[in-house]
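Subject: Structure handover

Hi,

Please load it before reading on.

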Amino acid sequence: MNSQYPEEPAIIVDPRRNVFKVARRNFVDPEILQLEQKRVFERNWIYLGHGSELAKPGDFVTRNVAGRSILFTREASGKPVALLNTCPHRGMQVCRERKGNAKSFQCFYHGWIFGLDGKLRSQPGEDSYDPDFKSRETSHMIPVPRFEGYRDFYFVCFDAEVQPLVDYLAGARDFLDVICDQSEEGMAIVKGTHEYSVRANWKLLTENSIDGYHASTTHASYFDILMQSNGGAAFRSGAGRGYDLGNGHAVIQGQAPWGRPVADWIPAWGEEGKKEIDEIYATLVRKHGEERAFRIAKMGRNLFIYPNLIINDIMAIVVRTYYPLAPDYMNVTSWALAPKSESEWSRKYRLNNFLEFLGPGGFATPDDAEALEHCQRGFSNYKDVPYSDISKGMNKDQPSSNDELQMRAFWTQWNKQMFSPPAGSNAIKAA
Amino acid sequence: MEQADVLASGGEQCDQGSLRERKMSEVTRSQVEDFLFEEADLLDSWRLPEWLTLFTEDAEYHVPCMDLPADASPDDSLFYIADDRFRLGERVKRLMKRTAHVEYPHSRTRHLFSNTRVKTREDSDLDVSCVFATYRTKDGVTDVYVGSSKYRMRQVDGALKIRSKRCLLDGDALRPSGRISIIL
């Protein structure tokens, strides 16, 4: 296969006939994955972590981000930094712990010591080095080429020429604001991380995370339980909408049958809970006005930030990122996000909500994984059944959250980046 | 069947009266092991509604995330599983349905429980710890879950019951299994 000009198009789009098809080869071909690493994961802003994970100077986490080993820490001044976690001397990972607090980082191999800013402080046998050794750029740990944050969500990019993060976020910025505006004190990641894998292509999880269409059949058993635990509450569901947010980002937004700690009460939470949630809502109305408060509190949203970040603000808030290790295998990491100063009661219900639906032990996520893995198995027929269909809702002016506009937004950007890369930057020239 | 008297499922075969007078401190490790082996068998034969009867009405079943301390609370930390008795019941109901797609058709499992230790408590309950290796096979893939379990057991009407079960998974991520769709 010539990666630049595949024999069959990666997507087929015909708006006049409402056709949008995605080649299943995109999910199985190792050459596609190699190209994705260069043209998707090394060219876009990739989520690294949340500022709340580094509560004080010296706090650090180490993380694998788009195939790179990254040390995310906070300098003494309070400034967050993202360093390539490799010793300038001989390459070892300088920090081998997953998280903690440090005054400096020492590479144990030969004992080089680095400050929180990654600058070399000392190395054994300094008299055997040139006097100006420590003033050379190559003697220090190297920061990632680009590192920026928006409202405490920190991203890295391995392409120094990338546009600023706020511009990159395009229409997703407003939805990120809506999520962060749930709390005046700010939002924080809750202790405890869901770290798992799915034996499927990473783009299947992109699709699934913003797919309103699959819920009623894939998650039938969850909705049975929801009706039970809501005390037979009426099944509430408003007509949701899907939006293309630009740059490959997309969202579905609408009302849903579950309760939301900010701030949509359900009878199962009792009168005491109602009082608290009414107060939260009243505060939001005072600060943001009725219309925006309704959107913040009563509507939920599945927000996709291209290429591999999901923030689903539903019965709880999940921040989920994922990265492929093979065409048919991805690592997934998920966190719960919550208002920093919410009450113990609210935190408890939020986490309870989260677990019931989300995560490897929940009543929904394992069925999603089952669907994704069996799509992957079905793709073994890709040579004879080459395309998937994501045309649902193309015949409407305003597609609903049960349509597939969101996936089309993703695939359109993906196709553009993969097969019509701009000149320059680190794009590969066509053979 | 000497030790059957402490098995919930073997209740009809034993002299309930004498056991009721017996203190938890007199329950032996092999009696507890028989109880655990019975639990493993019920899980492996997918007799989940029967398995649920091993639990007290106020029971809890917890699987914390692997980056949390062993005594973490699900009230302020994200777990993989934090079921009260109601949700544990819903979990069992769900797993017995065809619409629990991940476990339909059922996977085949084998729960191995070992290294059992029994510690009595002042409140007459029993602290039991053991290690586990649980195999799950489905669609040509076998995953293994390894860790330790902490039980609190209580005697109810002459039979041992589980007041709480907390499974602490080894490793630093749920990979490559990716799910805890079965009961550990």
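Predicted model: local features only at pLDDT ≥ 70, side-chain atom pairs only at ≥ 80, totals over all residues.

Chain B
Chain B has 184 residues, and 54% of them count as buried. Its secondary structure consists of four helices and six strands. Read from the N terminus, the order is α-α-α-β-β-α-β-β-β-β. Among contacts in chain B with a separation of 6 or more, 60% are between residues 24 or more positions apart. The chain exposes about 8200 Å², with carbon and sulfur atoms supplying 46% of that area.

Salt bridges
Side chains of opposite charge can pair when their charged atoms come close. Over all chains, the count is 48 salt bridges.

One of them is in chain B: B:Asp125 pairs with B:Arg154 at 3.0 Å, N to O. This pair links distant parts of the chain, 29 residues apart. B:Asp125 lies in the loop between strands E3 (108-120) and E4 (126-138), while B:Arg154 belongs to strand E5 (residues 141-156). B:Asp125 is buried at 5% relative accessibility. B:Arg154 is partly exposed at 28%.

In chain A, salt bridges that share partners join A:Arg151, A:Asp174, A:Asp177, A:Asp181, A:Arg292 and A:Arg295 into one network.

Two further pairs in chain A:
- A:Arg17 meets A:Asp14 at 3.5 Å, N to O. A:Arg17 is exposed at 60% relative accessible area, whereas A:Asp14 is buried at 13%.
- A:Glu75 bridges to A:Lys79, with the closest N and O atoms 4.0 Å apart. A:Glu75 is buried at 17%, and A:Lys79 is partly exposed at 49%.

Best regards

Note on methods
Residues numbered from 1 in each chain as written. Chains lettered and ligands numbered in written order. Heavy atoms only, no water. Helix = DSSP H or I, 4+ residues; strand = E, 2+ residues; numbered from the N terminus. Buried < 20%, exposed > 50% of the residue type's maximum accessible area, 1.4 Å probe, protein only. Contact = heavy atoms within 4.5 Å. Areas by Shrake-Rupley, 256 points an atom, 1.4 Å probe, with all protein chains shown as cover. Salt bridge = Lys/Arg side-chain N within 4 Å of Asp/Glu carboxyl O.
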